[in-house]
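Thanks for making the time this morning. I would like to walk you through one model, so please look at the sequence and the coordinates as I go.

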Amino acid sequence: EDAKRILTDLLAKENIRTTASRIASNVIESPPFQNACVVLVKNILNDLVNDPETTAQLTTLVTTVLQNEQMYAAVKALVLQLVNDEEVYRE
């Protein structure tokens with residue numbers, strides 16, 4: 001509780017909030033952080049795809065989503081955007 005109160009008090013101060021925001025932005029924009037996120041996401045997706053239970057759940061989810069006409073249209077639009085995005089192919 002004390003730590004929560006102290007953190008809340010600190011973040012209530014404009015200069016601390018601005019500094020914390022700047023630090024967070026710099027970290028998020030840094031190439032090492034971005035590279036680490038790419039590796040993390042790839043590893044998570046790889047683990048998910050290689051897990052039979054997750055694959056079965058994902059198949060059920062996709063089937064359910066695609067049965068909804070609006071969801072199908074949204075997924076189709078997203079896939080078409082990805083297919084037409086040159087940046088995707090550079091990865």
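Asn84 sits in the loop between α5 (69-83) and α6 (86-90), where helices are DSSP runs of H or I with at least four residues, numbered from the N terminus. Asn84 is exposed at a relative accessible area of 62%, on a scale where buried means under 20%, exposed over 50% and partly exposed in between, with a 1.4 Å probe and protein chains only. Its C-alpha atom is separated by 45 Å from that of Ala12, 72 residues apart along the chain.

This is a predicted model, in which local features need pLDDT of at least 70 and side-chain atom pairs count only at pLDDT 80 or more, while totals for chains, interfaces and linings use all residues. Residues are numbered from 1 along each chain as its sequence is written, and side-chain values use heavy atoms, with hydrogens and water left out.

The chain averages a pLDDT (the predictor's confidence in each residue, from 0 to 100) of 88, and 98% of the residues score at least 70.

The structure holds two salt bridges, meaning a side-chain nitrogen of Lys or Arg within 4 Å of a carboxyl oxygen of Asp or Glu. One joins Arg5 and Asp9 at 3.5 Å, N to O, and both residues lie in helix α1 (residues 2-11), four residues apart. In the other, Glu14 pairs with Arg17, with the closest N and O atoms 2.4 Å apart, and these two lie in helix α2, three residues apart.
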